[in-house]
Amino acid sequence: MIKSTIKGIGFYVPDNVVTNDDLAKLMTTNDEWITERTGIKERRHRKNRNDSQETTAYLGFKASEKALKNAGLTAKDIDYIIFATLSPDYYFPGCGVLLQDMLGCDTIGALDVRNQCSGFVYAMSVANAFIKSNTYKNILVVGAEIHSFGLDFSDEGRGVSVIFGDGAGAIVLSATEDENAGDILSFNMHSEGKYADELCTQFPGSKFGWSDRMRKEPENVTNKEVYPIMNGNFVFKHAVTRFPETMQEALEKAGKTIEDLDMFIPHQANLRIAQFVQQKFGLPDEKIHNNIQKYGNTTAASIPIALSEAIEEGKIKRGDLVLLSAFGSGFTWGSVLFEY
């Protein structure tokens with residue numbers, strides 16, 4: 001029986017630390033206001049918001065290098081790439097092909113996933129299907145984001161801009177028939193597109209305008225269109241409903257219970273959401289890993305960053321049962337349950 005096992009993992013964040021006090025210099029806010037609402041104390045931003053070198057693909061490249069080294073593999077061993085992001089280097093093509101070139105992989109397939117905060121869960125689920133169908137042997141699954149170039153650091157945008165950070169995480173998912181190896185036991189993916197406008201960036205797009213509009217009438221392109229918008233309370237209420245649902249579904253599909261779980265890693269959207277879910281399931285502190293305090297919400301990158309960090313810190317060991325869950329823009333949500 002073919003198993004999908006995590007052979008290697010790594011993450012990368014920019015060196016530039018941006019604290020809540022730093023943001024208070026740009027907008028009317030303070031550390032207490034941000035901490036109370038999100039749990040975030042600091043996040044990472046690339047040093048120069050207009051840096052054409054430290055891109056989303058580059059962050060993914062740095063995380064992938066670490067994952068490959070951790071797996072004991074080279075770029076030539078990878079036969080497929082799945083890259084999840086909402087902040088690609090170009091509108092098109094996607095970051096997958098850019099990463100293929102940076103790493104020096106063979107002319108392998110590179111798939112881009114656009115499911116925002118749920119992106120890594122979706123990407124990992126797709127990779128698992130390719131592995132289990134014996135299509136590919138070693139798949140590089142990446143979640144990477146650079147949010148700092150596209151946030152509104154004014155009072156108008158503070159409700160969103162204080163939340164997001166830059167970073168990347170990657171895993172090598174490999175096929176094995178080793179009976180002692182870990183395996184993906186279950187997964188689920190869901191969406192509810194009628195709420196797309198509650199958390200989105202509108203421009204550019206075929207609905208709200210394209211490059212000709214920016215060129216001909218830039219004065220009519222509004223902040224609401226070009227910067228992320230979020231109905232925070234609405235998103236929160238749906239998140240605390242969908243998180244428990246997707247978690248329970250993943251456990252039940254695998255014939256497991258919450259008591260069997262060794263570690264739960266939620267998408268790092270808001271510390272209050274994670275704490276609500278932790279309390280609902282009665283999870284002790286040692287069975288949940290949160291790092292939003294240090295990195296903010298890195299959307300598609302948040303789960304692989306947190307997973308990599310938890311493994312590095314010894315919180316997750318080989319054989320442990322781990323649950324990853326996410327909820328975000330779309331709305332989309334889902335989970336992956338696996339033995340590490």
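Two strands count as paired if DSSP finds at least two bridges between them, and helices (H or I, at least four residues) and strands (E, at least two) are DSSP runs numbered from the N terminus. With that in hand, let's walk through the structure. It is a predicted model, in which local features need pLDDT of at least 70 and side-chain atom pairs count only at pLDDT 80 or more, while totals for chains, interfaces and linings use all residues. Residues are numbered from 1 along each chain as its sequence is written, and side-chain values use heavy atoms, leaving out hydrogens and water.

Strands of a sheet pair through backbone hydrogen bonds, either parallel or antiparallel. Here, five strands make an open sheet in the order S1-S7-S6-S4-S5, with mixed pairing. Strand S1 (3–12) and strand S5 (109–113) sit at the edges, each pairing on one side only. From one strand to the next, the twist averages 20°; axes are lines fitted to C-alpha atoms, for helices over the stretch in contact, and angles run from 0 to 180 degrees between N-to-C directions. S1 and strand S7 (residues 167–176) run antiparallel and are joined by nine bridges. To find your way into this pairing, look at Ser4, whose bridge partner in S7 is Ala175.

H4 touches S4, S5 and strand S6 (138–145), and its direction makes about 130° with that of S4. Helix H12 (residues 302–312) touches S1, S6 and S7, and its direction makes about 95° with that of S1. Ten of the eleven residues of H12 are buried, where buried means under 20% relative accessible area, exposed over 50%, and partly exposed in between (1.4 Å probe, protein chains only). Among the buried ones are Ile303, Leu307 and Glu309. After H12 comes Gly314, with a positive phi near 80°.

The backbone has some further points worth a visit. Most residues other than glycine have a negative phi, and most peptide bonds are trans. Phe203 and Pro204, however, are joined by a cis peptide bond with omega about 0°, and Pro204 lies in the loop between strand S9 (199–200) and helix H7 (211–216). Another cis bond leads from Gly330 to Phe331, with omega near -20°. Asn134 has a positive phi near 60°; this residue is in the loop between helix H5 (119–132) and S6 and is partly exposed at 43% relative accessibility. Thr299 also has a positive phi, near 40°, but Thr299 is buried, with a relative accessible area of 2%.

Finally, turn to the side chains. The structure holds twelve salt bridges, each a side-chain nitrogen of Lys or Arg within 4 Å of a carboxyl oxygen of Asp or Glu. One of them links Lys62 and Glu65, with the closest N and O atoms 3.8 Å apart. Both residues lie in helix H3 (residues 56–71), three residues apart, about one turn of the helix. Glu192 meets Lys194 at 3.9 Å between the closest N and O atoms. Glu192 is buried at 18% relative accessibility, whereas Lys194 is exposed at 63%. Salt bridges that share partners join Glu192, Lys194, Arg242 and Glu245 into one network.

Note on methods: Contact means heavy atoms within 4.5 Å.
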